[in-house]
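Hello,

Here is the structure I promised to pass on to you. Please open it alongside this message, and then read on for what turned up in it.

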Amino acid sequence: MYADTILDVFCQRYSDAHDKFTAAIETSSIVEKTNKHLHPMKGPSGEKLFCDIAWSGDLNAKNVLILISGLHGVEGGVGSAIQTDFVSRHRRLPADVCVVLVHAINPWGFAWSSRNDHQGIDVNRNFVDFSQQLHQSDSDTIWQKIINKEADIQTIGADRHTFDLLSEGQYSYPSALYFGGEQASWSRQCIEQLAGQLKCDQRDKIIVVDIHSGLGPYGYGELISDHPSDCVARQHLIDVFGATVTEPILGTSSSGIKYGLHDYFWHAQGDHVAFVTLEFGTFGSSAMLRALFADQQLQQQGDIDWQDDDTLVIKHDLQDFFCPAEKQWQELVLFRGRQVIEMALTGLSQHD
Ligand SMILES: [Zn+2]
């Protein structure tokens with residue numbers, strides 16, 4: 001369906017994805033401004049790591065679409081492909097829309113093929129007020145059973161209730177999965193700076209699309225809204241994307257209700273800001289837990305030896321799970337990515 005040259009935008013490795021994205025924005029006729037955040041750590045080959053941001057269209061437009069990739073590091077190949085494809089294809093944008101591409105918001109996780117950041121934080125559980133009492137999760141009982149081999153990962157992944165509890169987010173066990181951290185992460189600080197630069201209160205409508213992978217049916221791009229059911233922004237999402245929007249609060253999503261989501265930061269910017277997660281399914285929750293558990297065990301051993309064969313097996317498993325190098329999957333992702341962006345641009349350029 002798509003030529004191999006079009007699917008070339010897919011890269012499992014950060015350095016390749018970074019090179020393709022930055023080459024595309026350098027030659028793009030729609031990109032007006034770029035800025036980047038240098039990460040304090042280096043990649044496996046000693047390379048510098050960046051979150052790159054490209055501003056396209058009219059920077060002062062009243063309406064803004066923000067496309068974000070790589071909040072969960074190793075998932076970055078998916079969003080990066082959609083972003084690189086977007087800047088490569090578009091020669092012009094609707095007059096009253098600015099599109100902001102945030103590439104590899106967790107570049108360390110992308111480069112080291114980890115879902116977490118360099119501090120072991122699940123950035124998508126990190127958006128909480130750390131001065132307040134944090135959520136006390138019961139998920140550690142499940143985690144302990146996995147560690148002690150008293151519970152089977154296959155069974156936990158297949159049980160929706162148990163899986164949702166395990167993945168809801170926790171703030172007590174840094175060595176366990178889905179740890180939301182003890183302070184604002186590096187990636188969260190980049191997001192907060194971006195919101196300041198955007199001057200959200202001076203815009204009419206903002207749609208944020210945060211691109212992830214791993215949950216749901218193979219190749220399907222689910223649009224997940226965690227807005228409260230009675231708010232204006234949620235209705236805006238339904239108006240723009242229709243019945244394709246799913247909601248954990250209603251039980252219609254492959255995602256459960258979670259704590260500290262990236263969503264909640266943008267919800268707080270006002271009713272004119274609609275946030276949606278674009279989540280691409282791969283091989284199911286049991287396979288995901290197996291891959292994540294192996295990586296979590298590896299991280300507990302200290303510095304990661306990128307030359308070690310056992311390490312590479314774990315890392316390649318993660319890359320193949322979150323960004324499969326399979327043509328039919330890539331085609332589904334690219335089609336859906338283009339479709340979601342077009343729907344968002346149409347929705348933002350329509351006047352009430
Ligand atoms: Zn994710």
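Which residues in helix 3 meet which residues in helix 13? On the helix 3 side they are V78, A81, I82, D85 and F86, and on the helix 13 side V333, L334, G337 and I341. Here, two residues are in contact if their C-beta atoms, placed from the backbone, lie within 7 Å.

Before going further, a word on the source. This is a predicted model, in which local features need pLDDT of at least 70 and side-chain atom pairs count only at pLDDT 80 or more, while totals for chains, interfaces and linings use all residues. Residues are numbered from 1 along each chain as its sequence is written. Helices (H or I, at least four residues) and strands (E, at least two) are DSSP runs, numbered from the N terminus.

Two helix pairs

Helix 3 covers residues 76–89 and helix 13 covers residues 327–349; they pack at an angle of about 60°, with axes 10 Å apart. Axes are lines fitted to C-alpha atoms, for helices over the stretch in contact, and angles run from 0 to 180 degrees between N-to-C directions. Helix 3 and helix 13 are therefore oblique to each other; angles under 35 degrees count as roughly parallel, over 145 as roughly antiparallel, 65 to 115 as roughly perpendicular and the rest as oblique.

Helix 11 (residues 285–299) and helix 12 (residues 309–322) pack at about 145°, with their axes 10 Å apart. From helix 11, A287, M288, A291, A294, D295 and L298 meet T311, I314, D317, L318 and F321 of helix 12.

Two strands pair if DSSP finds at least two bridges between them.

Strand 1 and strand 2 run antiparallel and are joined by 8 bridges. K42 stands opposite K48 of strand 2. Their hairpin has 5 residues between the strands, and G46 there takes a positive phi near 80°.

Strand 2 (residues 48–57) also pairs with strand 4 (residues 97–103), in the antiparallel sense over 6 bridges. S56 has V99 of strand 4 as its bridge partner, and I53 has V102 of strand 4.

One residue to look up

Do find K205, which lies in strand 5 (residues 205–218). Is K205 buried or exposed? K205 is buried, because 22 other C-beta atoms lie within 10 Å. Not counting residues up to four places away in sequence, K205 touches N63, H272 and L348. K205 and L348 are 143 residues apart in sequence, yet 6.8 Å apart in space, C-alpha to C-alpha.

Enjoy exploring!

Best wishes

Definitions and conventions
A residue is buried if 20 or more other C-beta atoms lie within 10 Å of its own, exposed if 12 or fewer, and partly exposed in between; C-beta atoms are placed from the backbone.
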